[in-house]
Amino acid sequence: MKVAIVGASGAVGQEFLRVLDERNFPLDELVLFGSSRSAGSKYTFRGKEYEVKLLQHNDDFKGVDYAFVSAGAGTSKEFAGTITRHGAVMIDNSSAFRMDADVPLVVPECNAEDALVRPRGIIANPNCTTIMMVVVLKPIEALSHITRIHVASYQSASGAGAQAMAELQQQYREIVENKPVTVKKFAYQLAYNVIPQIDVFQDNGYTKEEMKMFNETRKILHSDVRCSAMCVRISSLRSHSEAVWIETEKPLSVEEVQAALAAAPGVTLQDDPSTQTYPMPLFTGGKDDVYVGRVRKDLANDNGITLWLSGDQIKKGAALNAVQIAEYLLSAR
């Protein structure tokens, strides 16, 4: 088993190394790739040191079984042919191919079998906010078809990468030291602030991130559900959270929704208002599951349920989801 990681020096690339090790993924060879900036960097995996190779259009992917790619949509589009030419399965973390009809968009807890049909040798990893939401929606969909979703996301700095996390920490230091605040990764200072914009605005007034949640949710769940999202950047360092309002065809009780969530793969129910028990990014960072709490009836909709979720978007929202896809493919051989 030969595995490649493209974008090995980034936040998700580093998470791939941790997740592959944690889950004891069965690999015999590992190859790391990166840009000219990261080529030559060295990382240790299972006691062995690996040097990042420069990603090039050559035969470096010959013999690779699975290539985990997290280097941006431009790189994915440019190198997809090179990566898959010799039969490697490209599991891509960018937005490059997510809505292509001939590329499956997969969250294993929801639609693992879609990964089996991949005419281009590419499987797309969904947007992190979509992944965490659909893992929670799937068991509810099994109770009654979900017709509408309203969601407000609270997305940490890590969603914009390692440099964004470092900038947030730097901003807090600069504020405490009464220095000018560095603002490069976001449109505004993020420390002590929230920014109601993630990605660029579209003609309909929604951002690209918000439209991803609309389109990707429908593709993953094979559903006509409509999702209206408001995506917000907050000043937590790691883990995203979401407040979700769900309308179903028939009314559901809080108890049956909680029972379905408690039994669902990839979900941990953490819901006890009497003890102020609910998920928070402070505690969900580094965890595999999506944590859910504050499950209650929607006072504005007789067929509505509302809930709160939190999960590590670098882990389940990116690296772990991709590795789980590969694990499923191995099990289906």
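Tutor: Happy to! The bend at a residue is the angle between two fitted axes, one for the seven residues ending there and one for the seven starting there. With that in hand, look at helix H9, which has a kink of about 40° centred on Asn321. Helices here are DSSP runs of H or I with at least four residues, strands are E runs of at least two, and both are numbered from the N terminus. This is a predicted model, in which local features need pLDDT of at least 70 and side-chain atom pairs count only at pLDDT 80 or more, while totals for chains, interfaces and linings use all residues. Residues are numbered from 1 along each chain as its sequence is written, and side-chain values use heavy atoms, leaving out hydrogens and water.

Now, how covered is this helix? Of the 17 residues in H9, 13 are buried (under 20% relative accessible area with a 1.4 Å probe, protein chains only; exposed is over 50%, partly exposed in between).

The axes of H4 and H9 come within 8 Å and cross at roughly 85°, so H4 is roughly perpendicular to H9 (65 to 115 degrees; under 35 counts as roughly parallel, over 145 as roughly antiparallel, and the rest as oblique). Contact means heavy atoms within 4.5 Å. Axes are lines fitted to C-alpha atoms, for helices over the stretch in contact, with angles from 0 to 180 degrees between N-to-C directions.

Next comes the sheet. Six strands form an open sheet with parallel pairing, ordered E5-E2-E1-E6-E7-E8. Its edges are E5 (53-54) and E8 (122-124); each has a single partner strand, so one side of each is left without a neighbour in the sheet. Strands pair if DSSP finds at least two bridges between them; E6 (residues 66-69) and E7 (residues 89-92) run parallel and are joined by 4. In that pair, Phe68 stands opposite Ile91 of E7. Helix H9 (residues 315-331) packs on this sheet and touches E6, E7 and E8, its direction making about 165° with that of E6. Another helix, H2 (residues 73-84), lies across E1 (2-6), E6, E7 and E8, and runs at about 155° to E7.

Finally, the nonpolar cores: sets of buried Ala, Val, Leu, Ile, Met, Phe, Trp, Tyr and Cys residues joined through side-chain atoms within 4.5 Å. In soluble globular proteins, nonpolar side chains tend to be buried together. The largest core has 55 residues, and Phe61, Ile149, Leu261 and Leu307 touch the most other members. Its largest share, 8 residues, comes from H4 (residues 128-141). A second, separate core of 34 residues includes Leu320, along with Ile5, Phe16 and Phe45. As for Phe61, not counting residues up to four places away in sequence, its contacts are Ala4, Val6, Phe33, Leu55, Ala67, Thr82, Ile83 and His86.

To bring the picture back to where we began: H9 is kinked around Asn321, crosses H4 at roughly 85°, and packs on the sheet against E6, E7 and E8.
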